[in-house]
Each structure stands twice: as structure tokens, then as C-alpha cells.
Amino acid sequence: MTDSVLFRNGTVLTMDDRHTVLPNADVLVIDQRIAEVGVGLTAPEGATVIDATGGILMPGMIDTHRHMWQTAMRGYGADWTLTQYFVWYYLESGKLFRPEDIHAGNLLSALEALDAGVTTTVDWSHGLQTVEHADAAVDALQAVPGRFVLAYGNIQQGPWEWSATPEFRDFVSRRFTSGDDMLGFQMAFDVTGDPAFPEKAAFEVARELGVPVTTHAGVWGATNDDGIRLMHEHGFMTPQTIYVHSATLNQDSYHRIAATGGSVSVATESEQSAGQGYPPTWALRDHGIPVSLSQDTSVWWSADLFSAMRTTLGADRSREHMEAHRKAETVTHLHLRAEQVVDWATRGGSKALGMDSVVGSLEPGKKADVVLLKNDDSPAMFPILNPYGHVAFQAQRGDVHTVLVNGRIVKQDHKLVGADLAAAREKIGRTVEYLRATLGEEAWTRGMNPDVPETKVGENPYQYTEWDAGSAQWKH
């Protein structure tokens, strides 16, 4: 811990309302807050001075939807579809997770978030089968000096069931206090579109507790426009609601989200691989719906927002070109720019979480969540000509040099500060060993290697098998 930190001589992406970029500038942090941003600032006596020359200073990134509890299974489902994910977690093996397994996953996920410059993460924790699981999740989050939001969910029960228990209410009152911007709370559940709208009871609990709801919406085969309509007709769509994915919704649903001020958490790596629907930023832009970015789960994908920015730009631009080509047109000027996705990865997340007055930009008075991208050993980190483009397309987690959360240095010189990775590795190892033994080797291997569908190659009219020298032609 230190009272003051001065970053000296970096390219500063303030992400303020004007997206001010300051070359060769400084950022001064005193205690928990940003004190000054400018050129040639004076270091207070005893300050830690960090040379940012050749680097980019930006706000800490914000992930608005990550299933942190699944991190022990990193990469296990690399070849899954969404159906296989649902079967493994919702119907079968997800029930095996003990409180200590939730703790292990959350602990490792929290550490890797900080390592990648993600200073605020929403733990979309839908594996909380009991309050003991929930306590274990929060214990892990509070063991790491990051900023987190627990989104409480339980895929083994309907939300109208778990939210009605006295144990749930007691947990909320015990573990969360108003005004704590280091640990927030949401309720996480989905709306299936059942005309009876059983989720109404859970929305009423959320309203009574004064907490936001985050929900997977517009997921092919799981949640649809009927769910959005039911939420809207019953008055449960609010500016605080975060709709995750929202990839298969119709215009009417997008209009309802826009009109009620909600936002969408886009997880492009997830949507373009698992099958929720085409990553929807191209449609969200048309409806003026605010966007934040997320990484979903390490069971499949990377756990850093550099990948999210890169894939989001690629998917949006691909769709823009495709739509133009269908009309025999050519896109000559792209709508979505690197600057916008950097905003979504920082300020977009803070706005979605109602924390824009606290974090999301480098402005005096805001909490000091700061990331320095600098890597003198990387040939990809110079020259920095377009800093937004560099963040979105060139940088990666290995270029995260220093990270501050709430004014505290949690990573410096490319290494986490005070992190016990050996203990985290040991906890994760115990979870993997337990799950593998419980499932059995055959089921473990089968789950990681789903069947490959038969591939049929279409007939090729230009495919020949024999050359006839007499006629000097190919014969079938």
C-alpha cells in the first residue's frame, strides 16, 4: 500500500465524455482517488513514481458477465456447443460443485482478472446451490484486492424458489452493505417466456431489496422475445437491468430495452462460438442501446477483455460487410471504431453497473482504477500511433505492466503483487481431482470430447479420376 502513485509520461486515454487523449502526460493518484491528470505533474514526497514512457494509461477494464465459479474447468469445453454446456452444468455435473469448488474457481478467476487489467468483474454466479456456496463465493472475492459484483443465481432451482427463502435474505443482509463500491450485488436469473411468468416473484424480491437484475436474454432456444415482453408488461425493465447476449431478439424487444434505459452485456467470443446468436452490436447500435463487454466463462474462452474488444470489432464489421454485400453494396467507411469498443470495455461497464461516478474514466475525483499497458520487451508495443487501435488490436494481457484498484497497486512490472498463486493452484487442483474422480475417467473424457458430426463433401463436377491420352481429356 502507498499513499500516492505518479504515472509519468504516458499516452493517457481518459475515457472522459470527450474521450480526451493526452500524449506524454501524467496521472497522479493520492490515497484511493485520481488527484490530477496532466503534463508535468509534481510528485508528492514519498510517492511511488512509475515510468509510463512508451505506454498507454487507461481506466481499469470492466467485465459485466463472467461465470467465475467455472474457472476450475478452464478450456474443458473448448469444443462444446451451448447445448452441451447446458447438459453438463445445468442437468448433470454442475450439481457436483461443492462450496470449496466455488471458492477455488472464484479465487483463480479474480486473480486472472486483475492480471489482465480487469479491475471490476461481475461474478454471474449461477452455481449457488446453497447459501454455503454463496458465502464461499464472496469469501474468495474478498480475498483478492479487486472490485467485484456478486450476481446471485442458482440454476438448480427456479428463481422464485431460491429468492423466497429466509436463508437468501439473511445472506444478503450479512454480506452486503450500502455504499461499498468494492463489493456490489445483483440477482441473476433468466426469463423463459412461460406465459404464467413465474419469475415475477423473483423480480418482486429484487425490487424490495433495491437490487438490479441481470438476465440472459435473446439466447437461441432458451430465452426469447416473450420473456422481454413479460418483463416489460409487468414493469420490471429498468435502467439498471443488464441483458446478457441479446443476440436473437426482434426489433420490438430492442425497442423495449432502449425505451426503458437498460443495457446489453455482449460476450462476442461466446456468441460467435456457442450458438446464442450472432453477436448483436450491429443491431444494438441501430437502436441506441448502451453496450458493455464480457467474457462469459473460461470453460471455453479467454478471460481478458482484449479478446472481447478484438472479436467484437471483427464480428460487427463482418456483419456490416455481409449486409452490404447482400444488397450488392460496398462498405467504404466502417461504423464501429476501435475507440468505441475501448469505451465499452471501460466506461460502458461502469455505466451499466451504475458506477460511472466512481470508476470507468481517468478523471480527478474518481476512484483510482488504473491500467498501464507497457512492454519494452515486445516488438508489438511500438510504435503507438493510434492508441485506441493499439489497445483493441495489438495489446494483450502480457502487456499489462501495472494495475491499480482503489489506489492500491495490485500488479507491477508484469507481476501480481501479494498474490498467492501457489495456494490458488492447490485449491484448483483439488477441485479438478474431485470432479474427475467423481465423474470417472470415461465420463470425464467423454465430456471434454463430444462427438464430431459426420462431414459430407458435396459432389464436385470438376473432379476427374483418369487422363485419356488419346483424347487428351480428363475422364470421370
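Reply: Helices (H or I, at least four residues) and strands (E, at least two) are DSSP runs, numbered from the N terminus. This is a predicted model, in which local features need pLDDT of at least 70, side-chain atom pairs count only at pLDDT 80 or more, and totals for chains, interfaces and linings use all residues. Residues are numbered from 1 along each chain as its sequence is written, and side-chain values use heavy atoms, with hydrogens and water left out.

Me: Where is Asn406 found?

Reply: Asn406 is in the loop between strand S15 (400-405) and strand S16 (408-412). Its phi is positive, about 55°, although Asn406 is not a glycine.

Me: Is Asn406 buried or exposed?

Reply: Buried means under 20% relative accessible area, exposed over 50%, and partly exposed in between (1.4 Å probe, protein chains only). Asn406 has 13% relative accessibility, so it counts as buried.

Me: What is phi of His245 near?

Reply: Phi of His245 is near 75°, a positive value in a residue other than glycine. His245 lies in strand S11 (residues 242-245), and it counts as buried because its relative accessibility is 3%.

Me: Which peptide bond is cis?

Reply: The bond from Phe382 to Pro383 is cis, with omega near -5°. Pro383 belongs to the loop between strand S14 (370-373) and helix H13 (387-394).

Me: How many residues has the largest nonpolar core?

Reply: A nonpolar core is a set of buried Ala, Val, Leu, Ile, Met, Phe, Trp, Tyr and Cys residues joined through side-chain atoms within 4.5 Å. The largest has 98 residues, and those with the most contacts (heavy atoms within 4.5 Å) inside it include Tyr89 and Phe171.
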